[in-house]
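Here is a short report for a reader who is new to this structure. Look at the model first, then read on.

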Amino acid sequence: MKNLSMAVVIKGSTVLIQQRYRAAKGMVYEFPGGSVEDDESEEFAAIRELWEETGVAGVRTLGEYTCKNQFGGDSHYVVMEPAADVFPTTTAPEKSLHWLPLGDIPRDHLYPADKEFIERYLPDYM
């Protein structure tokens, strides 16, 4: 079982998406995020992962949503907005970061839980 927490960062009418290569799936689009550690909340995990993967800090939580993921655990989505204008960066060559409008998110290259969240809940925040 793998519990994951995702940082869904909204800026105006766009959302922060990372594109990266995953050996088991090829090129994917996903939110910054990762595993929830035993001693942290899902919200804290999303904020920590956002900072580790993009350098973005100083966010305000707008809402949260949880669903089952394909790894037998939960995917927890923390919707947030930056406190100021932010410029996310990545030092990992296998990743790139993009601010995308809802309609431009490539649905064919998403994990099933991410696709469900984007289609059912993300429009409420954009």
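In which helix does D114 lie?

## D114 in its helix

D114 lies in helix α2. That helix covers residues 112-120. D114 has a relative accessible area of 3%. It counts as buried because this value is under the 20% limit.

Which residues does D114 touch, leaving out those up to four places away in sequence? They are Y29, E30, F31 and Y77.

## Confidence in the model

This is a predicted model. The mean pLDDT of the protein is 89. Of its residues, 99% reach 70 or more.

Strand β1, residues 4-11, has the highest mean pLDDT, at 95. Strand β3, residues 26-30, has the lowest, at 85.

## The largest pocket

The largest pocket has a volume of about 300 Å³. It is lined by 18 residues. The closest to its centre are L4, M6, R22, F71 and Y111.

Which elements each supply at least two residues of this lining? They are β1, β4, β6 and α2. Strand β6 spans residues 74-82. By type, the lining residues divide into eight nonpolar, six polar and four charged.

## The loop between β4 and α1

Two glutamates in this loop deserve a look. E40 sits in the loop between β4, residues 33-35, and α1, residues 42-54. E37 is found in the loop between β4 and α1 as well.

Is E40 buried or exposed? E40 is buried, with a relative accessible area of 13%. The reason is the cut-off: E40 counts as buried because 13% is under 20%. E37 is partly exposed, with a relative accessible area of 42%. That label applies because 42% falls between the 20% and 50% limits.

The side chain of E40 has polar partners. It makes a polar contact with the side chain of R48, at 2.6 Å. A polar atom of the E40 side chain also lies 2.9 Å from the backbone nitrogen of E37. Setting aside residues up to four places away in sequence, E40 touches S35, A45 and R48.

How far apart in space are E37 and N3, C-alpha to C-alpha? The distance is 8.6 Å. Along the sequence, E37 and N3 are 34 residues apart.

## G73, between two strands

G73 is placed in the loop between β5 and β6. Strand β5 runs over residues 59-68. G73 has 1% relative accessibility. It counts as buried because 1% is under 20%.

Which distance separates the C-alpha atoms of G73 and K2? They are separated by 4.7 Å. Along the chain, G73 and K2 are 71 residues apart.

## P123, after the helix

P123 belongs to the segment after α2. Its relative accessibility is 35%.

P123 is in contact with L102 and I118, leaving aside its neighbours within four places in sequence. P123 and S13 are 110 residues apart in sequence. In space, their C-alpha atoms are 9.9 Å apart.

Note on methods
Residues numbered from 1 in each chain as written. Predicted model: local features only at pLDDT ≥ 70, side-chain atom pairs only at ≥ 80, totals over all residues. Heavy atoms only, no water. pLDDT = per-residue confidence, 0-100. Helix = DSSP H or I, 4+ residues; strand = E, 2+ residues; numbered from the N terminus. Buried < 20%, exposed > 50% of the residue type's maximum accessible area, 1.4 Å probe, protein only. Polar contact = N/O pair within 3.5 Å; in protein donor to acceptor, adjacent residues only side chain to side chain. Contact = heavy atoms within 4.5 Å. 1 Å grid on protein atoms, 1.4 Å probe; cavity = no way out; pocket = protein on both sides within 12 Å on 5 of 7 lines; lining within 4 Å. Points joined across faces, edges and corners; volume = space filled by probe spheres on them. Nonpolar A, V, L, I, M, F, W, Y, C, P; charged D, E, K, R; others polar.
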